[in-house]
Amino acid sequence: MDNKSSWKDTLEIVKVSVSPAIFSTWFSQTHLAKAQEMGERMLVEVGCSSLFVKSTIESRYFGLIQDSISKVIGKPCDVVFVIKENPEKGVVKELNISPLFQSEGKKDEKNENLLEVLNRAKIRPNFNFENFAVSGSNQMAHAAALAVSDSLGSAYNPLFIWGGVGVGKTHLMGAVGNSALKKNSSLKVLLCTGESFTNDIIEGIRNKTTQSFRDKYRKLDLLLIDDIQFIAGKDAVQEEFFHTFNTVTAAGGQVILTSDRQPSEIARLEERLRSRFEAGLIVDIAPPDFELRCAITQIKAKEKGIVLEMEHIQMIAGNIDSARKIEGVLIKLMTEIKLKHLEISNELIESVLGKGIETNGKIVKKDPSEVVEAVSSYYQIGKRSLLGDSRARPVARPRQILMYLLRTHLGIPLEEVGRLVGGRDHTTVMHAVGKITELATTDVHIREDISKIKLGI
Amino acid sequence: MKLNVLQENLAKAVTQASRFVSVRSQLPILGNILLKATKTKLTISSTNLEISVVTQIGAKIEEEGEISIPSKVISDLVNNLSKETVLLESEKEQLKISTSGFTSKVLGMNASDFPKIPNILTNPFVLPKKELVESLSQVIFATSTDETRPILTGVLVIIDKNDLFLVATDGFRLSKKKIRIDSQKNQKSLQKIVIPKGILSELGRSTDEISEIQFEIQEKEKQVIFGLGDVVLSSKILEGEYPDFEKIIPKSSQISVRLDKEEFLRAVKLASIFAREAANIVKLKLSKDSVKVLAESSSSGSQETQVEAKIEGEIKDFEISFNYRFLEEFLHSVVGDEVKMEFTTMDKAGVFTDSTDPDYLHLIMPVRIQN
C-alpha cells in the first residue's frame, strides 16, 4: 500500500473520532511524508503544513494517530511529526510561466531555432570560429573568413579556400555560415557539396523541376559549396553553376567555395568560371604544423570530454599529421577508456597510436627499399652500415627512424621490418618504434627529420 | 484573572491582534484572541495558523490567569471605551469588562484549546528598523497576489554574510533591495527563505518607537520570528522553489535614460487617464533629449506628455510600452529625485533604478504590442 492511500485510510478513521471543524483545521493539511520499516515496527513521518498543526496534533491527537495508522498498516508504528508542505499541492503551480521569466525561456527557444536553422542550412553546429584553432598555416584563410562573415557579399566575393584533406576547409566555411546565422537567423544559407549540387541538377532535369532547383540556389544570401572541383568536366552543371553564381553575387549574396587545389589547376574547368573564381580571394590552408595539431588535439579532446596532459597531447600531435586522424585517435582513446576502464597513460596512447597507424598503413604503398634509400641518403649513411651491426648513435638513431617509418608509414609487420633491417628481432623493432614515437613528441629535430624523409619517399 | 489596564494600551494591542485572527475558520477558537495575565504583564496573542502576534502590555495584575475571547466583540468594545482604566476580570469562561459607568460580560472559551504561539527569540539577528521597513516598502508591492503560485506571494530573503537581500516578483516585475547587516551574529554563510508578505507589511505598521527589529529563522519549525519591543510577530516560511531571479536581470543595456522622478510620475498619471481604458498600456517614445509618454483610448481620446531626460545609447525610434500601474508603483517606491531606466530591446525587461540608491533595483516586463 502506498503512503498516500494508507494516510487517506488513517484520516478516515480519525474523522470519525473528531469534530468536522477540528478535522478540517488540523488534519486536512497533513500528509504521510515517509514510512520506513524498522524491523517489527514502522517509522512513520507525518508532514504538517505549519508549526501550529504540528504542535496541536502532536500534543492532543498523538495517540489517535498512532492507533489509526497502526491499524491501517497492520504493524505497530512509531510516529514523528515534521513541518513539511505536501509536495503534491504544488504540482499545478508551474503551468503558466510568467512573462518576466519567460523571456529567458525564449532565449533557449532561440537557441533551438538556431539549431534548426543550421540544420536546414546543412551546417554542422560545431563548425564555428570558436573551436577553430589558428596558426601560421591557416591564419590567412581564417582572417579572410572572419572578414567575409563580418560583411557578407562585400569583402571578398567569392572566397575560394583550397588545401589538402583534413586541414579545415569545410570547418572554416561552415563557421562563416554559422556566425552569419547567429547574427541573423532569417538569412538564407545553404552548405552543399559540389557533388550534391550536381545531383540536384540531374534530378531537376530528370523530373523537369529545374525551376525549383533555381529557387533553391539562386535566392540564397550565402552559398557555400564544398569540393567545387567535382563539377569540373560536367558541362551542364558548370553552365548552371555559372548562372547561379552570377545571380547570387548580383543580388549581393556571398559565395564561398572550397577545393583540393587552386582554380588554375582544376582541369577541365570552364574558363569563365575560372576567371570568376580568380576575381575573388583565393586562400590556401597548409597542413597543420605541430603547434596547431596540439591545439586541435586539445580542442577535440575537450569536446569529447577527455582530460589530457600536455605530454599526451604532444605525443598525439607529434605522431599524427592530419586533423581527422587526431579525431580518430581520440575516439579510439575514448573507447579504450570507457570500455576497458583504463587510465590515460603514455603506454595507452602509444598502443592506440600503434593501432591507428596499422589501419592507416595502407595509405602509402611503396617498396621498403625506397624507404631505406631515402633514410640512408637523408642521413648520408651508407646502406651497409645502416642495416649493419653498429650501435653507435649516429647510425642507430637513423636505423630506428627507418624501422619506425617502415612500421608506421608503410604498415609492414614487425617481423618483416626486422628481416628488412638486417635480420633483427621483432622486439628490437618494437623498441625502436616506441622510442621514436616518444622522441617525436618531444624532439623537434626528430620531427623535422621524419617529415622531411616522408617527403623524400 | 483580574487586572487593571489602560484603555489606550489595551485598544492598541487588541486591534493589532484582531488583524491576525482568521475570519473564516471553522474552528471557533481560532476566531478568538488570548488574554493572559502574568505577574506585571498582560499578554495578548492571536493567530490564523500562518501568522501570529504576541503583545505584552503593562497592567496592574491582581490575579493571574488566562481566557480566550472572540476577537471582533472585544476589539469593538475596547475601541469604543473612554480613555481610562479598564478592569478585566474572568469568571470561568466569561470575561467581565468594566469602566466607570460601563460593565459588560463577554462569553469566551477555555484558553487551553488555544494554539501555542512561539514568542521567544533565542539567537536573533538585529536589523535597523527604519531601513528594513523602508526597504520592505520598495519590495512588497511587487509580490504576486495570485494564490496559484504561493511562492511568489512572499518575499525572498537572502542572507549572505554582510548583506541581506529582499526580492519580490509577480512574474511581470521584480524588485530587489540590499541592506547591510551586522555579520557577527551570522554563523551560516548563506540562508534563503521566503516570507509571506502579510507579516512583513505588519512590520511597517508598528508605530512603536523602536530602532531595531530582532529577526530569527527557525529552520526546523519552518518559522520566522520578528521581535519589535513588546510585540513578537511570527509567520511560517513559504516552501517551494523560488524562481532563479538572478538570470533574468539583464547584465548590460543599450540605452540608458535619466529623468526627474516627479515629472515622470506626473506624466504617467496623466497617461493613466486614458490608459485605464486601453489595457493600462502607456508607450514611452525616446527622442534625443526627452521621453514622450503616450496613451490613447479608442473611446475617450489620447494624450502625450514630454519629459526632459538625459539619454545615452542608440535610440533610433525606440519605443517601449508598459503597464502604467507598474511604472506608477515603482515611482512611488523611489526615494531619490532622479530615476534611471535602462533598456535593451522593446521586448526585454527594462531595468529601473534610483540614481541615488545603488542597492535598489527594479525590473519591469514591457507589454508587447503587435505593429
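Predicted model: local features only at pLDDT ≥ 70, side-chain atom pairs only at ≥ 80, totals over all residues.
Q: Which residues of helix 4 of chain A are buried?
A: A residue is buried if 20 or more other C-beta atoms lie within 10 Å of its own, with C-beta atoms placed from the backbone. Helices are DSSP runs (H or I, at least four residues), numbered from the N terminus. In helix 4 of chain A the buried residues are Ile65(A), Ser68(A) and Ile69(A).

Q: Why do they line one face of the helix?
A: An α-helix has 3.6 residues a turn, so residues three or four places apart point the same way. Here the buried residues fall within an arc of 95° (taken from the directions from the helix axis to the C-beta atoms).

Q: Which residues have the most contacts inside the largest nonpolar core?
A: A nonpolar core is a set of buried Ala, Val, Leu, Ile, Met, Phe, Trp, Tyr and Cys residues joined through C-beta atoms within 7 Å. The largest has 99 residues, and Val14(B) and Ile33(B) are among those with the most contacts inside it. Its largest share, 6 residues, comes from helix 5 (residues 261-275) of chain B. A second, separate core of 63 residues includes Ile256(A) and Met315(A).

Q: How many residues of chain B are in contact with chain A?
A: Two residues are in contact if their C-beta atoms, placed from the backbone, lie within 7 Å. By that rule, 30 residues of chain B are in contact with 20 residues of chain A.

Terms used:
Residues numbered from 1 in each chain as written. Chains lettered and ligands numbered in written order. Buried ≥ 20, exposed ≤ 12 C-beta atoms within 10 Å, placed from the backbone. Helix = DSSP H or I, 4+ residues; strand = E, 2+ residues; numbered from the N terminus.
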